[in-house]
Amino acid sequence: MESKSENISQTNKETVNQNLEETVIFTEVVKIKGKGNILTVGLAGLKVFKKSKEASAITFKWPDVLCILPPQKCSETVLQYIHHEANNTLLIKTLQIQEISEQCVHLINQQIAASGRPKKLFVVINPFGGTGKGLQIYHEEAEPLFKVAGIETTVIVTERSKHATQIGESTDFSHYDGIVVVGGDGLYQELLQGLTLQEQKKSGINYDNPDTDLVKLNVPPIGIIPAGTGNAATKYYNAGGFGAKTSVLNIIRGEQHRASVFGVYCNNKLFSISHLFVAYGMCADLIKWAEELRWMKKWRYLYVFLGQFLSGKRYFEAEVQYRPFVAGSGGGVSSSLSDWINLEPAVQHCYSIYAFPYEFVDTENKKYVDPFGQCCQLVVSSGCSQLSTIKSMVAVSKTSSPGNMEVVNNVKEFKVKLQRENATNPREAKNMELEKFINIDGELLSLDSKEFSVRLQTSFVPVFGKAPNA
Ligand SMILES: Nc1ncnc2c1ncn2[C@@H]1O[C@H](COP(=O)(O)OP(=O)(O)OP(=O)(O)O)[C@@H](O)[C@H]1O
């Protein structure tokens, strides 16, 4: 396992020197680089400092202490800890300690075990996601760290498309402390779909009713180890920190949050769950076209992007309505239909509609995307360029504000009602055919009605990760 050795005097104090308001349960003098240091074991973490220099102590909160390894070749005990980079990428670093007592090591191990890290994980691997390296990524990046952290695993490798949905719907996860997905956004979506169905069926509610909230998932937290093509969710859940190691370390740290998702409804049925985005119009056309050109492999995306600009916009007419999030309502909305607000003009002549199930926080001091928020943003493009729409979607993680397009903030729910009934010429007939398709988390699905609604389900699914504003 790769880790970086650290001299205590060189340790980046900004990241490890955290204020530990704590009760000390054990203190002893140890040696670091041959020099005497005081080591204290507390309820909140571990602290090391030179005598009479406690103010400049370095501290490690228990979730960030990976393990303490007994002396091997060089009579030094090795403390492995998780280092947080400024961009929330996580790394492993080590501190070598001499003359530490067995009692102290035992206490450290006890505190690590009680730190809230998962003990048993259920792992689902897609061997064909992205460049087909799911198994390799798991065996090289995750398995050794889970072992060192004392975590047991049950591993399932998917055998076919939608296998993850079946696993999510039929597995009893109550004996696990976490579910790990090794794949991309598609695999995570499939698992989520299955888990949602299992929980709603158990609860007995009419989960097809678009006017009620779904029952929030009472399942162990989910961690995503990126092994797909897009891997966007893992970046949002880990506060921008990216890479397999960061995901694995966030799973081991055990910090949990509840993420929002969309319930997408069509024809009075729960049509799909979406954890990343719902896009209608141009972004569905792009995916449809790319699917037809699979033989071009990755070049199809470049071809489709360029082709889209050259062929111009495909407009559609739709009535768009939304209900705003009302603070203090527990994240819900009134069941009365009177509070739907029409987006003006009443019939939109537009070419793209999209929304992410995330809150866009934009205050004087901070600007970030929060997947654990209470509302979302709805974007409708009509007068602006296609490039502006694509740029605004791609730049979501950078929280750039979409330029010259209709943006509605603070949205809890929206619905789109297509207006065109008949085609008057072959071009319109072709366009009407395309009006069936919707892009949900990068997958193209076919709607079976001219109307669909999208409801934000807040605090819906527990996930391992980090708060974006921490
Ligand atoms: N064993 C399998 N054989 C064939 N297809 C599979 C198998 N396991 C999963 N799949 C399919 O692979 C698809 C893509 O999975 P995944 O999301 O992991 O990777 P990706 O599409 O490359 O990444 P992203 O979704 O982030 O762009 C899913 O839709 C899933 O149905």
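**Strand β26**

I began with strand pairing and found that β23 (residues 406-418) and β26 are joined in the antiparallel sense by five bridges. Pairing here requires at least two bridges found by DSSP, and strands (E, at least two residues) and helices (H or I, at least four) are DSSP runs, numbered from the N terminus. Within this pair I noted Phe-414 opposite Val-454 of β26.

I then looked up β13 (residues 256-266), which runs antiparallel to β26 with 10 bridges between them. Arg-258 stands opposite Pro-462 of β26.

I checked burial next: 12 of the 14 residues of β26 (residues 451-464) are buried, so the strand is largely enclosed by the rest of the structure. Buried means under 20% relative accessible area, exposed over 50%, and partly exposed in between, with a 1.4 Å probe and protein chains only.

**Basis**

I am working from a predicted model, in which local features need pLDDT of at least 70 and side-chain atom pairs count only at pLDDT 80 or more, while totals for chains, interfaces and linings use all residues. Residues are numbered from 1 along each chain as its sequence is written, and side-chain values use heavy atoms, with hydrogens and water left out.

I listed partners of Tyr-188 beyond four places in sequence; among them are Ile-222, Tyr-237, His-275 and Val-461. Contact means heavy atoms within 4.5 Å.

**Helix α3**

I found a bend of about 40° at Ala-142 in α3, with Pro-144 following within four residues. The bend is the angle between axes fitted to the seven residues ending at a residue and the seven starting there. Ala-142 is one of the buried residues of α3.

**Backbone exceptions**

I kept in mind that most residues other than glycine have a negative phi, and most peptide bonds are trans. The bond from Glu-344 to Pro-345 is cis, with omega near 0°. Lys-162 has a positive phi of about 70° and is partly exposed at 46% relative accessible area. Asn-268 has a positive phi of about 55° and counts as exposed at 62%.
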